[in-house]
Amino acid sequence: MEQLRLMQMTDHEQMMALWEKSDGVVVSEADTPTELAQFLQRNPGLSYVAEQDGQIIGTVLGGHDGRRGFLYHLAVEQAHRGRRLGQRLAEACLHSLAEQGITKCHIFVVADNEDGQRFWTRCGWEKRDTFFVYSRSLA
């Protein structure tokens, strides 16, 4: 049986392996050990892994800007999907965000990630089409 626990930096190698093989998860320069350590330090107690027999089989990064929460990199090993593990990971983050006074949360889903869109809709999330996301690299 899988166990949920708080994410640790020692999980980085296994998490990267999961993210790199998960459709819909975009790995970028923001996923280096240094960047992830800074993210976890700024957002303590908000990111989780699911583990079974010492192997990470699911992840979710949770954070906030003091006003709104954000979830990133929700991923579950293909062999472990369909058992509500992704929903449990997301709910753990949402519960922790609410405990920190955050009342609304957002996610980013890649436009062609149909499985992800179905998942989030089933979990009660509302697709917003009233605004666009723009990005700019600072480096």
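Student: Which residues do ring pairs link into a cluster?

Tutor: In this predicted model, ring pairs join F39, F70, Y72 and F108 into a cluster. A search of the whole structure finds six aromatic pairs. In one of them, the ring centres of F70 and Y72 lie 6.3 Å apart with their planes at 20°, so this pair is stacked; planes count as stacked when they are under 30 degrees apart. F70 has a relative accessibility of 17% and therefore counts as buried, because the limit for that class is under 20%. Y72, with a relative accessible area of 31%, is partly exposed. F70 also pairs with F108: the centres of these two rings are 6.4 Å apart and the planes are at 5°, so this pair is stacked as well. F108 is partly exposed, at a relative accessible area of 48%.

Strand β4 (69–76) also has a part in covering helix α1. Within α1 (residues 12–20), the buried residues are H12, M15, M16, L18 and W19. These residues span an arc of only 165° around the axis, which places them on the same side of α1. Their cover includes β4 together with α2 (33–42), β2 (48–52) and β3 (55–64). On the face of α1 turned away from the buried side are the exposed residues E13 and E20.

Notes: Residues numbered from 1 in each chain as written. Predicted model: local features only at pLDDT ≥ 70, side-chain atom pairs only at ≥ 80, totals over all residues. Heavy atoms only, no water. Buried < 20%, exposed > 50% of the residue type's maximum accessible area, 1.4 Å probe, protein only. Helix = DSSP H or I, 4+ residues; strand = E, 2+ residues; numbered from the N terminus. Arc of directions from axis to C-beta. Contact = heavy atoms within 4.5 Å. Phe/Tyr/Trp six-rings, centres within 6.5 Å; stacked < 30°, edge-to-face > 60°.
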